[in-house]
Structure formats: C-alpha cells, structure tokens
Amino acid sequence: MTTGYVYHEVFGWHDTGTSGGVLPSDPAAGVQPFVHFENAETKRRMHELIVVSGLIDRLERIRPRPATEEEILRIHTPEHLERIKAESRLPKGGDAGDGMSPFGKGGYEIAALAAGGVIAAVDAVVSGRVDNAYALVRPPGHHAVAAQGMGFCIFSNLAIAAAHARAVLGVERIGILDWDVHHGNGTQAAFYDDPSVLTISLHQDNVFPPNSGAVTETGTGAGEGYSINVPLPPGTGDGGYLHAMDEVVVPALRRFRPDLILVASGFDAGAMDPLARQMLTSAGYRALTQRLMDVAAEVCDGRIAMSHEGGYSPIYVPFCGLAVVETLAGAEPFTDPLLPVVSGYAGHDLQPNQKAVIDAAAALAARIG
Ligand code: 6DK
Ligand code: ZN
C-alpha cells in the first residue's frame, strides 16, 4: 500500500492570534487573553509523531501547491476571494467572516496552499501514483461556505478538491465522509443540490454551527437524498461511532458506489478534546479508517483522500492522527500510551439514544440508488 502525505511547515504559520477568536479577551469581564484553540500545536505535534514514530519512511511525500483562483472560484464567490486577498495584505491580517476565524498577514497564501494541498492529494490518488493519501493541512475548511469563511475555516478545502476532481480529472461520483465532531456544513452546502456528490457528516448534535446538521437536512432538488447527517448525542464513544459506520456510512457508500472517497478528518471527536464531548479513542479512529478502506476496496479500488480539519487536544490528536495514517498505509501500530485510560471510560458501548439517531440516518442510506 502506498500512502501519500501532504504537510508543509508554513501551515503552522497561519496566525490565529492570541486575542479575538472564540472568546475575545475582556479584562473587565474577567476574560484573560489566551491562544486561539485553532493554533499550530496539535497539527505540528501530529506531524512530529509521524516522523518520530518512523511512519514517515513508509509515506510518499506529496508537495502541496497553492490552489489557483480558478480552483477556489469553483466553490467560492469572487467577492469572498477578493476580500480574503485584500485583508491578507494588511499588516494585521483579517477575519474569514464570522469574527472567530482570524488570519494574519499572508493568510491568503497559506489558505490557498491548504486547498491546493488537498487537490495535490486527490491528484495523486486519482492518477494512481498512490493508493490513498492524507493531507495534514491548516487552516481547516469544512465550515467555509461560498460567500464567507467561518468556524476557523477560510476556504472549503475538500469541496474545492472535489470540484477539481469532477471538473478536471473526470471523476464522476464522489462520496464525502466528515468525521470532524462539528457539522460539515460548508462541504454539504457546496453539493446540496448535486446528486453526483454524496456528503455524510457524523457530528455531535448541535455544537457548531448552531442549529446545523439535523437528520432532516437531506439535500434539495436533484440532490435530494444525497446529503446525510448523523447528529450523535454527547458522550458517543467507539461503539456508537462504529455502529454509525456499519449502519449508515458503509451501506450508503455501497449503494452510491463512488469513484473516489474523500474524508474531512477532524480529531475533535476524540476523548480528550476541549471543544466537544465525544469519546473516540485512537483504536476507534483506527477501526473507522479500516472499515472505510474495506468499503473503498469494494467500490472504488481503495481510492481515499483525507483532509485534516479540527482537533484541539495537543496530547491526544497526534495519537489519533497517527492511528489513521498508519491504517491507511497498512503499517504496524505504534503504541498509544493514553489508550488504556480513554478506552476504560464507561459508555463506549452503543447507547439507546445513539441507536435512535443512527437508525433514522440508516433509513436515509437505504434510499440511495
Ligand atoms: N466556540 C472545526 O473544528 C471548527 O470544525 C470548530 C469551530 C467551533 C467553534 C465553536 C466553539 C467556543 C468555544 C469555547 C469558548 C467559547 C466559544 F473547522 C474545524 F476547525 F475543523 O467551540
Ligand atoms: Zn471541528
């Protein structure tokens, strides 16, 4: 198995600042300055574990290149692109659109490299240069919509890469799985009326964006039935996620038969994440990846490209990320020293409230095709 890997040090230079962001410092209100949650640390540490564990020697490095304006404009409005470019020239940078998604001077170039890095991963998979690929990019992308960025995202990296695959590489059908703990609203919106792209989002019920990602959001027009949402209750662990995989994701992909599978890969459903309340372990991420690879082998010769999204635990993201990339590469597992702790938490087995929402989404998956 040849696994492609995209990373660039400059992704760590995307500057989200120490004030502003999710809760701007406000001394009068007792809010002290703090480093933005979406900072370089979790991703840099994941890359360093990939190197130090030796996995890097098994990976085929793929050099990211900036997405062109034409590529970005397949998903975003000219106004959004021009505003990001203009704010990126300012000495203090700007914000992608919602006041919690700051970027520093030169942020446009880094965001374009992130989107282009995902395109490069998709190119390598579709051309057969690699069997599958992981793009460890930053800033993330899955919340950005046509006319603005939001939720720490500037451009919709994975949607831009999917649009490139359809327009340039001749890929007809694409299945997108989003396992970031937040709803993949931007990716969903990009293809909401498009039956050639199936989006499936597994997320914690109503965390971010607010009131987004209900099971009733199923697509529109010709795209009706080709958006699937699984809003899992807080506390969902390995058992609940694997049940969602077995009952919703795998059946949906089997029926849809995509030519390529893309993954919005966040690690904020991990058991130690500060921004959400799910309980995935590195073993859970490993099993999710293996099941996806099994169905990919059945339907699309194993073609999978993953794009990194969120994940905010500096200690645990690297072990979860390593587990995913190791599995893609068919490499021997490196030990996760935290696995005994987090897999010992009660509640990893499927719970009735989890089963209820998974059953509702499974009924949607059964309608495809
Ligand atoms: N607000 C993402 O991980 C981004 O999906 C998630 C953005 C969540 C913002 C909502 C939030 C807070 C938190 C703490 C205090 C105040 C407000 F796009 C990705 F990066 F992938 O948690
Ligand atoms: Zn997230």
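A residue is taken as buried when its relative accessible area is under 20%. By that criterion Ser-212, whose relative accessible area in this predicted model is 15%, is buried, and this residue is placed in the loop between strand 7 and strand 8. When neighbours within four places in sequence are set aside, the contacts of Ser-212 are formed with His-183, Asn-185, His-203, Asn-206 and Glu-217.

The backbone of Asn-206 adopts a positive phi of about 55°, although the residue is not a glycine. A positive phi near 55° is likewise found at Asn-211, again a residue other than glycine, and Asn-211 too is located in the loop between strand 7 and strand 8. In contrast to the buried Ser-212, Asn-211 is exposed, with a relative accessible area of 69%.

The packing of helix 3 was considered next. The axes of helix 3 (residues 78-88) and helix 4 (residues 107-127) approach to within 7 Å and cross at roughly 130°, and helix 3 is therefore oblique to helix 4. The contact between them is built from Leu-81, Ile-84, Lys-85 and Ser-88 on the side of helix 3, which meet Gly-107, Tyr-108 and Glu-109 on the side of helix 4. In composition, the residues of this contact of helix 3 with helix 4 comprise 3 nonpolar, 2 polar and 2 charged. Within helix 3, the buried residues are His-80, Leu-81, Ile-84, Lys-85, Glu-87 and Ser-88; besides helix 4, the elements against which the buried residues of helix 3 pack are helix 2 (69-72), strand 3 (94-95) and strand 4 (102-103).

Tyr-108, a residue of helix 4, is buried at 11% relative accessibility. Apart from neighbours within four places in sequence, Tyr-108 is in contact with Leu-81, Ile-84, Lys-85 and Ser-88, and additionally with Glu-69, Ile-72 and Phe-155. The C-alpha atom of Tyr-108 is separated by 9.2 Å from that of Gly-93, a residue 15 places away along the chain. Glu-69, for its part, lies in helix 2 and is partly exposed, with a relative accessible area of 33%. With neighbours within four places in sequence again left aside, Glu-69 touches Leu-81, Glu-82 and Lys-85 as well as Tyr-108. Between the C-alpha atoms of Glu-69 and Ala-112, which are 43 residues apart along the chain, the separation is 8.6 Å.

On the scale of the whole structure, the largest nonpolar core comprises 114 residues, among which Ile-228 and Leu-292 touch the most other members. The element that gives the most to this core is helix 4, with 14 residues. Beyond its neighbours within four places in sequence, Leu-292 is in contact with Leu-177, Met-245, Val-249, Leu-253, Ile-261, Val-263, Ile-304 and Met-306. In general terms, nonpolar side chains in soluble globular proteins tend to be buried together.

Finally, the cysteines were examined, and a search of the whole structure returned 0 disulfides. For Cys-320, the closest cysteine sulfur is that of Cys-153, at a distance of 19 Å, which is too far for a bond, given that a disulfide requires sulfur atoms within 2.5 Å. Cys-320 itself is buried, at 1% relative accessibility, and Cys-300 is also buried, with a relative accessible area of 2%.

Methods
Residues are numbered from 1 along each chain as its sequence is written. Chains are lettered from A and ligands numbered from 1 in the order in which they are written. This is a predicted model: local features need pLDDT of at least 70, side-chain atom pairs count only at pLDDT 80 or more; totals for chains, interfaces and linings use all residues. Side-chain values use heavy atoms; hydrogens and water are left out. Axes are lines fitted to C-alpha atoms, for helices over the stretch in contact, and angles run from 0 to 180 degrees between N-to-C directions. Helices (H or I, at least four residues) and strands (E, at least two) are DSSP runs, numbered from the N terminus. Angles under 35 degrees count as roughly parallel, over 145 as roughly antiparallel, 65 to 115 as roughly perpendicular and the rest as oblique. Contact means heavy atoms within 4.5 Å. Ala, Val, Leu, Ile, Met, Phe, Trp, Tyr, Cys and Pro count as nonpolar, Asp, Glu, Lys and Arg as charged, and the others, Gly among them, as polar. A nonpolar core is a set of buried Ala, Val, Leu, Ile, Met, Phe, Trp, Tyr and Cys residues joined through side-chain atoms within 4.5 Å. Buried means under 20% relative accessible area, exposed over 50%, partly exposed in between (1.4 Å probe, protein chains only).
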